[in-house]
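Take a look at the model below.

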Amino acid sequence: MSDITTKDLITMFVGIAAAIEAEKGRLSELDGVIGDADHGVTMSIGFSAVNEALSRLDQGSADPATVLSTSAKAFLNAVGATSGPLYATAFIRAAAAIKGRPVLDRDAVVDMVSAMVKGIRDRGKADRGDKTMIDAWLPAAEAAEAARIAGRDLSECLDAALFAAQAGAEATKSMVASKGRASRLGERAIGHIDPGAASAVVILGAIERTLGHRS
Amino acid sequence: MKTKKLINDPKYVIEEMLEGIMAAHPDHLRQLPRNPRVVVARHGPRRDKVGLVIGGGSGHEPTFVGFVGKGLADAAAIGNVFASPPPDPIHECAKAVDGGAGVLFMYGNYAGDIMNFDMAAELAAMDNIEVRTVLTTDDVASAPRDRRGDRRGVAGNFFIFKAAGGACDKMWAIDECERAARKANDQTYTMGVALTPCSLPQTLKPNFDIGPDEMEIGLGIHGEPGVAREPLKSADAVTDEILDRILAEMPASRGDKVAILVNSLGSTSLMELYVMNRRVRQRLDANGIGVHKTWVGHYCTSLEMAGASISLMLLDEELISLLDHPCDCAMFRVP
């Protein structure tokens, strides 16, 4: 399978924005149950801003790291909230992990996902079981790493990541939240999926579709 | 069923609101041309004065932007509805109000706000601006007393920002401004009740479900669910429930004084707020607690939510002088 180019990464972000747009009602509803009902709206505003910034990039001269750092800034400035700092840090760390590379191979993409997750953990200080987006992202990064070690190709690594994220998000239903707005609800949060974990699945689904199944 | 609002395209609702605010209050406020989410007091910031920067999500008006003005906040960073502003406008606020004596960041205790304001403080530090942070944690329902630091900042913000603003305007040093702000926070107690939900401009959907005979006690001001759901009771019974909780915690003795804030969350009427205040007064009188000042109205709303919150600030001489200190803000004045 050919390496990932700047153009492919931009296509990935277009795909993420479209997927978020399609799911934003559902995400806001999930957030209404245990939060303040703005998660879908926030993610939609953020990724629209990313697409707008990327459309103004000179694709010929920008490298993949520039796509990611541009996305980080655009997302953060459009949104703030909790998602802003977390995803901005994720994209900045991803950019640092692949800095200088003109194209990305399987290893670079897996490194990118691992760096994103470390960034989210460092910034948000959440861990597995806290009922946050980390409960989807961390298993995803671990599954991608495991698939890489087992010699799988990019498409299979991303499939594994998505599958693990879906299971992780589903598992948040039985958790009590220890971060964010839901952390003040105690047991009332149980039975409800975390919206940040749900949107992580949407994002990974778009990544898997756009980067894993290019012709 | 969609809710009804008087807005245009929801995508631009914050920008349009700010345009309207600037047009209405040109003598009080200015907006940074390169960043419209930065609103600065025309009068207030000056050399050697600690700059007070407040901020948070929109949807709580008059909190935050309405409290920008001489004697209170020097600047506000404006976020999207119910969302913290990003680091950039907060950093710009710090630069705009820096008088060489340091800057105080004050905002509600929420994960998003903490991350964004902390990132802005890091940026300000790179500009050699000393930033201190005081979070508001007045909502007694959101965590027990021994975990006060986990509590949300809600309508009591009004008292806490006012006290801090007074300290800064009196040209106190940053250590003293921070101390006074922390004391004001420690001595403010709030609890609220929601009757019907609010809806985001972008969705026009009620953001939680509640039955026709129910109320949500211990709500959050972002439409997030409270901590318990009960059958709706009379104003006196609801006020008693709130005050029982507050008075159980507030270490007031007979002869002490408080300030009262009875705050509408948006659609609850003055008529109802004053009915509640009657009961607040009765309970305080019965406990021999005096009232220095009472404020009733819209101070910290949650879009169109129906409901109210009651805040008491336990006063001493210093806090009385800070609350009495004159201020002239876009949406609030103490002559």
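In what sense do strands β8 and β13 of chain B pair, and over how many bridges? Strand β8 (residues 188-196) and strand β13 (residues 306-315) of chain B run antiparallel, joined over eight bridges. Within this pair, T190(B) sits opposite S311(B) of β13(B). Strands pair here if DSSP finds at least two bridges between them. Helices (H or I, at least four residues) and strands (E, at least two) are DSSP runs, numbered from the N terminus.

This is a predicted model: local features need pLDDT of at least 70, side-chain atom pairs count only at pLDDT 80 or more, and totals for chains, interfaces and linings use all residues. Residues are numbered from 1 along each chain as its sequence is written, while chains are lettered from A and ligands numbered from 1 in the order in which they are written.

Now widen the view. Chain B has an open sheet of six strands, ordered β10-β9-β8-β13-β11-β12, with mixed pairing. β10 (228-231) and β12 (290-297) of chain B each have a single partner strand, so one side of each lacks a neighbour in the sheet.

Helices come next. Helix α4 (residues 157-169) of chain B packs on the sheet and touches β8, β11 (257-264) and β13 of chain B. Helix α7 (residues 270-286) of chain B also packs on the sheet, touching β11, β12 and β13 of chain B.

Finally, the two chains. In chain A, 24 residues are in contact with 28 residues of chain B (C-beta atoms, placed from the backbone, within 7 Å). The elements of chain A that give two or more residues to this side are α1 (6-34), α2 (39-55), α3 (64-79) and α4 (83-97).

Key:
Contact = placed C-beta atoms within 7 Å. Axes fitted to C-alpha atoms, helices over the stretch in contact; angles between N-to-C directions.
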